[in-house]
Amino acid sequence: MRNPIIAALDVPNVEAALKLAGQISPAVGAFKIGGELFTAAGPDIVRRIRDTGAAVFLDLKFHDIPNTVAKAVTAAVRLDVQMLTVHTSGGLEMMRAAEASAQLAAKMNGRAAPLVLGVTVLTSSNSSTMAEIGCEPNVVAQVERLARLAVQAGLRGLVCSPLEIVALRKILPAQVQLVTPGIRTRLGEASGAAWAGAEKADDQKRTLSPREAIQAGANWLVIGRPIYAAENPRAAAEKILESLN
Ligand code: C5P
């Protein structure tokens, strides 16, 4: 099996990102570049990570009119990213435009289409957040509704919380790829100082271990602090990979 660990490069600048990527690259399957790093470092950071040979997940959660999202996806394909995110709450037409643009731009650039991943309800939202903005207050029902809509729009993957994996696997076609953040290692105190820092839950409230998430049906694990905040990020990533076998 390919390495399912996507290490989040949640660091503030190019130097920190390249240093971290250099340290952990052989132990992970891909790197996630999100809003903080991309806004600080620009598209060049994507090129520089791609130049190392690593796959890139561009997590900018596009949500706009279909035409604008389609163009943003085309720009992401030109940067040669392997995964990117859009908000499913942008609706069917927006998601269809994103997927069509990924396919077309990939064909024109002679490469494989990136996996366009739908983000459903952010894990920072609860029923009162949903009610606040006039949405279905039952978060689980809203996640399932948006997940079905994403599949209907032709998306081939979704981002979901660890505790949504089992429910989504029941209602989605088996080939839909699930990418899961909110992973915490719980590998035990005896594991030693080399990857200390990997044990904390931080602000993630609903977590699964890497092994539990894969067993529940996740295809990819997005892991941030348990790797980058560890004393030895490389050892932490290797330990997590080992825990999957
Ligand atoms: O440090 P940690 O492992 O919690 O990082 C998780 C990564 O996944 C962060 O980059 C965060 O933005 C992202 N993420 C998340 N929860 C979501 C969606 C994305 O933690 N629901």
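Is R156 buried, partly exposed or exposed? I looked this up first. R156 is partly exposed, and its relative accessible area is 29%. I keep in mind that this is a predicted model.

**Entry: R156 and its partner**

I looked for the partner of R156 next. R156 makes a salt bridge with E99, and their closest N and O atoms are 2.9 Å apart. I then checked where the two residues sit. R156 is in the loop between helix 7 (139–152) and strand 6 (157–159), while E99 is in helix 5 (residues 92–108), so the pair ties together parts that are 57 residues apart in sequence. I also checked the cover on E99. E99 is buried, with a relative accessible area of 7%. That is under the 20% limit for buried.

**Entry: salt bridges in general**

Side chains of opposite charge can pair when their charged atoms come close. How many salt bridges does the structure hold? I found eight.

**Entry: D59 and K61**

I turned to K61 and found a salt bridge with D59. The closest N and O atoms of this pair are 3.0 Å apart. K61 is partly exposed, at 30% relative accessible area. D59 is buried, at 9%.

**Entry: helix 3**

Which residues of helix 3 are buried? In this helix, residues 44–51, I noted I45, V46 and I49 as buried. I looked down the helix axis to see how they are arranged. The buried residues fall within an arc of 105°, so they line one face of helix 3. I then looked up what covers them. The cover includes helix 1 (14–24) and strand 2 (30–34). Helix 2 (35–41) and strand 3 (55–62) are also part of it.

**Entry: a charged pair in helix 3**

I stayed with helix 3 and looked at R47. R47 forms a salt bridge with D44, with 3.5 Å between the closest N and O atoms. The two residues are three apart in helix 3, which means about one helical turn separates R47 and D44. Both ends of the pair went into my notes. R47 is partly exposed, with a relative accessible area of 41%. D44 is partly exposed too, with 37%.

**Entry: just past the helix**

I followed the chain out of helix 3. Just after the helix comes G53, which takes a positive phi of about 95°.

Technical notes
Residues are numbered from 1 along each chain as its sequence is written. This is a predicted model: local features need pLDDT of at least 70, side-chain atom pairs count only at pLDDT 80 or more; totals for chains, interfaces and linings use all residues. Side-chain values use heavy atoms; hydrogens and water are left out. Buried means under 20% relative accessible area, exposed over 50%, partly exposed in between (1.4 Å probe, protein chains only). Helices (H or I, at least four residues) and strands (E, at least two) are DSSP runs, numbered from the N terminus. The arc is that of the directions from the helix axis to the C-beta atoms. Contact means heavy atoms within 4.5 Å. A salt bridge is a side-chain nitrogen of Lys or Arg within 4 Å of a carboxyl oxygen of Asp or Glu.
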